[in-house]
Amino acid sequence: MSAYSETSFDTKRYDDSRPNYPEPFYHELIKYHKEKGGTTQLAVDIGCGSGFVTFKLLEYFDHVIGTDPSSNMILQCQSHIPQSSENKFIEFSIGSAESHPSTIMPNSVDLITGAECCHWVDHAKFFTESARVLKPNGTLAYWFYKDPVFVGYPKANAIYENYTYNSSTATNPNEAFERYMGPYYQQPGHDYLRSLLKEKSPPPDLFYDIVRHEYISERDGAPTGTENAYVTKTPLFICKIIDMRWFLNYVKSWSAYHIWMKEHGDKYDIAEVFVDELKQQMGWDDDTKIKVIWDTVYTFARKK
């Protein structure tokens with residue numbers, strides 16, 4: 001996403017306001033990787049962003065490389081590199097899903113991960129490039145969460161959809177300017193996000209043992225009490241108790257928000273208007289606690 005590469009993009013806000021991935025998911029990933037003898041010498045995390053997956057992989061792999069097209073993101077990650085131990089090493093470099101840095105050799109990588117980024121890539125090039133650098137039987141793993149769902153608040157979810165998918169000028173050509181963020185997302189990536197990337201899969205001529213697992217709250221159930229029963233539905237179960245302060249920062253981490261503000265920020269802050277509408281319509285204030293869950297999907301595959 002080009003918006004994340006701009007110097008004005010707030011990388012710290014992105015890091016602080018995004019949900020994290022649960023421990024059971026990493027266990028599932030490593031279990032899959034080791035089932036066919038996968039080794040743990042080198043992992044590459046593409047689209048590493050602020051690096052929280054990259055740093056997590058250092059618990060399992062000797063050498064981890066995080067790559068991202070954004071120099072801002074890479075600089076942030078490099079500023080948080082811990083002191084290397086004798087047997088562990090982490091580094092960050094500019095690169096993309098479609099083109100790894102030249103220092104990453106063919107048939108050298110045990111695991112490639114892509115978290116919350118693979119709906120934006122050129123998939124044919126991504127799969128080919130992944131197969132080029134992975135070892136035989138090496139693992140390709142990518143996953144992401146969709147939109148937050150306000151549990152028990154369908155009206156809030158409808159307001160959310162307006163701001164993130166709809167267009168005010170499409171429904172009212174007399175609008176002076178676009179009042180929603182839907183048109184400011186890069187396509188087809190945003191539609192892939194909405195469909196949980198069901199249109200794309202690792203090609204069977206390059207990969208085998210392909211696993212795709214999705215959790216859709218409307219279909220699979222949304223927790224109203226304890227979340228423990230829902231963790232059994234997917235290891236990638238993301239649930240969070242938020243308030244409107246957190247949600248405001250979450251909206252301000254979106255690429256579409258960043259682009260909308262570049263064009264219309266002299267009029268008002270669209271994230272603040274969005275949150276104000278939620279508060280007014282739902283009777284919430286900044287301190288109201290709301291349960292939010294995310295629909296998720298993950299795909300694991302092994303290189304032939």
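A residue counts as partly exposed when its relative accessible area lies between the limits for buried, under 20%, and exposed, over 50%. Pro106, with a relative accessible area of 45%, is therefore partly exposed. The structure described here is a predicted model.

**Pro106**
- Pro106 lies in the loop that connects β3 (89-94) with β4.
- Leaving aside residues up to four places away in sequence, Pro106 touches Arg132 and Val133.
- Between Pro106 and Asp269 there are 163 residues of separation in sequence and 47 Å in space, C-alpha to C-alpha.

- In soluble globular proteins, nonpolar side chains tend to be buried together.
- The largest nonpolar core comprises 58 residues, and the residues with the most contacts inside it are Trp143, Phe150, Met181, Phe247 and Phe274. Helix α13 gives the most to this core, contributing six residues.
- Phe274 has contacts with Ile159, Tyr160, Tyr163, Met181, Phe247, Val251 and Trp254, when residues up to four places away in sequence are not counted.

**Packing of α6 against α13**
- Two packed helices are described by the angle between their axes and the distance between the axes.
- Helix α6 (residues 154-165) packs with helix α13 (residues 270-282) at an angle of about 160 degrees, and their axes are 10 Å apart. Because angles over 145 degrees count as roughly antiparallel, α6 is roughly antiparallel to α13.
- The two helices, α6 and α13, cross in a right-handed sense.
- On the α6 side, the contact is formed by Lys155, Ala156, Ile159, Tyr160 and Tyr163. On the α13 side, it is formed by Ile270, Val273, Phe274, Glu277, Leu278, Gln281 and Met282. The residues of this contact comprise nine nonpolar, one polar and two charged.

**Buried residues of α5 and α12**
- In helix α5 (residues 123-133), the buried residues are His123, Phe126, Phe127, Glu129, Ser130, Ala131 and Val133.
- These buried residues of α5 pack against the strands β1 (42-46), β4 (109-115), β5 (134-150), β6 and β8 (290-303), and against helix α8.
- Helix α12 (residues 255-264) has Ser255, Ala256, Tyr257, His258, Trp260 and His264 as buried residues.
- The packing partners of the buried residues of α12 are α11 (244-251) and α13.

**Backbone features**
- Most residues other than glycine have a negative phi, and most peptide bonds are trans.
- The peptide bond that joins Gln187 and Pro188 is cis, with omega about 10 degrees. Pro188 is located in the loop between α7 (168-171) and α8 (189-194).
- Leu196 has a positive phi, near 55 degrees, although this residue is not glycine. Leu196 belongs to the loop between α8 and β6 (207-215). With a relative accessible area of 3%, Leu196 is buried.
- Leu197 likewise has a positive phi near 55 degrees in a residue other than glycine. Leu197 is also found in the loop between α8 and β6. The relative accessible area of Leu197 is 3%, so this residue is buried.

Key: Residues are numbered from 1 along each chain as its sequence is written. This is a predicted model: local features need pLDDT of at least 70, side-chain atom pairs count only at pLDDT 80 or more; totals for chains, interfaces and linings use all residues. Side-chain values use heavy atoms; hydrogens and water are left out. Axes are lines fitted to C-alpha atoms, for helices over the stretch in contact, and angles run from 0 to 180 degrees between N-to-C directions. Helices (H or I, at least four residues) and strands (E, at least two) are DSSP runs, numbered from the N terminus. Angles under 35 degrees count as roughly parallel, over 145 as roughly antiparallel, 65 to 115 as roughly perpendicular and the rest as oblique. A crossing is left-handed if the near helix is turned anticlockwise from the far one by less than a right angle, and right-handed if clockwise. Contact means heavy atoms within 4.5 Å. Ala, Val, Leu, Ile, Met, Phe, Trp, Tyr, Cys and Pro count as nonpolar, Asp, Glu, Lys and Arg as charged, and the others, Gly among them, as polar. Buried means under 20% relative accessible area, exposed over 50%, partly exposed in between (1.4 Å probe, protein chains only). A nonpolar core is a set of buried Ala, Val, Leu, Ile, Met, Phe, Trp, Tyr and Cys residues joined through side-chain atoms within 4.5 Å.
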